[in-house]
Amino acid sequence: LPPCRDSELCIKDLHFDEVPVRIYLPKAPAASTRRGVIFFHGGCGIFGSIRSHERICRYIARKSDSVVVSVGYRLSPESQYPAQTLDCLAATERFLKTARNYGVDPDRIIVCGDSVGGTFTASVCQELGNRRDIPKIRAQVLIYPFLQALNFNLPSHQKNAFITFLSRERTAHFLLKYLNKDCSMKEAILAGSHVPESINLKYRKWIHPDLIPDRFKLGYKPPLPASFSPQVHEETKELFHIRLSPLLAEDAVVSHLPDTCIITCEHDVLRDDALLYKKRLQDNNVQVTWHHLEGGFH
C-alpha cells in the first residue's frame with residue numbers, strides 16, 4: 001500500500017541498497033540538521049511490514065521533529081534467517097553514510113525497534129560498534145526485545161506463560177517458524193533440552209533467575225532440570241548465534257554499545273530478556289535509561 005498523506009510530513013518510499021524503506025521527513029523548515037531514527041518493526045520476523053507500523057513512525061517523526069526511516073526487511077520463511085538482520089544492517093549503514101542528503105546530522109542517529117525489531121536493533125548496534133568507516137550510532141531504543149533463546153524458564157516466562165497474544169508457547173513456536181525449523185521441537189526448546197550443560201555453565205553469569213531483581217520474582221519456582229537432547233541441539237544451533245541472541249555477546253562487544261533506552265512491560269514473557277541485557281550494559285558502563293510499564297502488555 002502507498003504511504004498515507006500527512007500535513008506535517010513528506011513521506012517517500014525508497015530503497016537503501018535494495019532494501020525497501022519508507023522515510024518520513026518533517027515539512028517544517030529546520031534551523032539546523034535534524035536527528036535521525038532508524039526503525040525496525042516487530043512481528044517475529046515473519047509478520048509485520050512498513051505499513052503495519054506507519055502510525056508509530058509518523059508519530060515519532062512529528063513529536064521528535066526527526067527524520068524517521070522505517071525498514072522493510074525481508075520476512076521468513078520466504079527469505080531465510082539471517083536475511084532479516086542483513087537487510088537491517090545494510091539499510092542502517094546506507095543511512096549513516098548518506099544522512100546529510102536527508103537533512104540529518106550523522107552523529108545524531110538512533111536505532112529503534114519493537115519485539116524482534118529490538119533484536120535487530122541490538123544486533124545491528126553490536127555489529128557496527130567497532131566500525132571506524134561510518135558514523136557512530138548515537139543511541140539504541142529496545143522496546144520489549146527478544147534477546148536470548150537459551151532459557152525459556154525465567155520468572156517472566158513463568159509468570160506470563162499464558163498471556164494473550166504472546167504466550168510462552170507461542171514464543172517458541174514463532175521462533176522455530178522464523179528459523180524454518182520443525183515446530184515439533186517446541187516443547188524440548190521450552191524445557192531447555194537444546195542447551196548442553198557446558199553452554200549453561202558458560203552463560204549462567206549472564207542468563208540466570210538470580211540476576212533478576214527480587215520484585216520481579218514473586219511466586220517464581222525453579223523448574224526441574226531438563227534432559228539434554230543432542231539431536232535438538234544439533235538442529236537448532238542458530239539459537240546460539242549472537243545475531244539471534246544478542247545477550248550472548250562478549251563484554252568486549254557490549255562495552256562499545258551506544259547509550260541505550262530499554263522499555264519493558266509487566267505482562268510480557270520477554271520482560272526478563274531486557275532486564276538481563278540492562279544489567280549487562282550497566283556492568284559494562286553503558287548509560288541506560290529504563291522505562292517499565294506496570295500493567296503493560298507485549
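Modeller: The largest cavity lies between domain 1 (9–148 + 243–297) and domain 2 (155–239), because both give residues to its lining. Those domain bounds come from an automatic or database domain assignment. This is a predicted model: local features need pLDDT of at least 70, side-chain atom pairs count only at pLDDT 80 or more, and totals for chains, interfaces and linings use all residues. Residues are numbered from 1 along each chain as its sequence is written, and side-chain values use heavy atoms, with hydrogens and water left out.

Now the rule. On a 1 Å grid over the protein atoms alone, a cavity is a set of points where a 1.4 Å probe fits but cannot get out; lining residues have an atom within 4 Å of a point. Grid points are joined across faces, edges and corners, and a volume is the space filled by probe spheres set on the points. The count is 1 cavity of 30 Å³ or more. The largest cavity holds about 160 Å³. Its lining has 13 residues, and Cys-44, Val-116, Phe-146, Thr-171 and Leu-175 are the closest to its centre.

Helix H3 (116–128) and helix H5 (168–178) are the elements that give two or more residues to this lining. H5 gives the largest share, 4 residues. Helices here are DSSP runs (H or I, at least four residues), numbered from the N terminus.

Technical notes
On a 1 Å grid over the protein atoms alone, a cavity is a set of points where a 1.4 Å probe fits but cannot get out, and a pocket is an open set with protein on both sides within 12 Å along at least five of seven lines; lining residues have an atom within 4 Å of a point.
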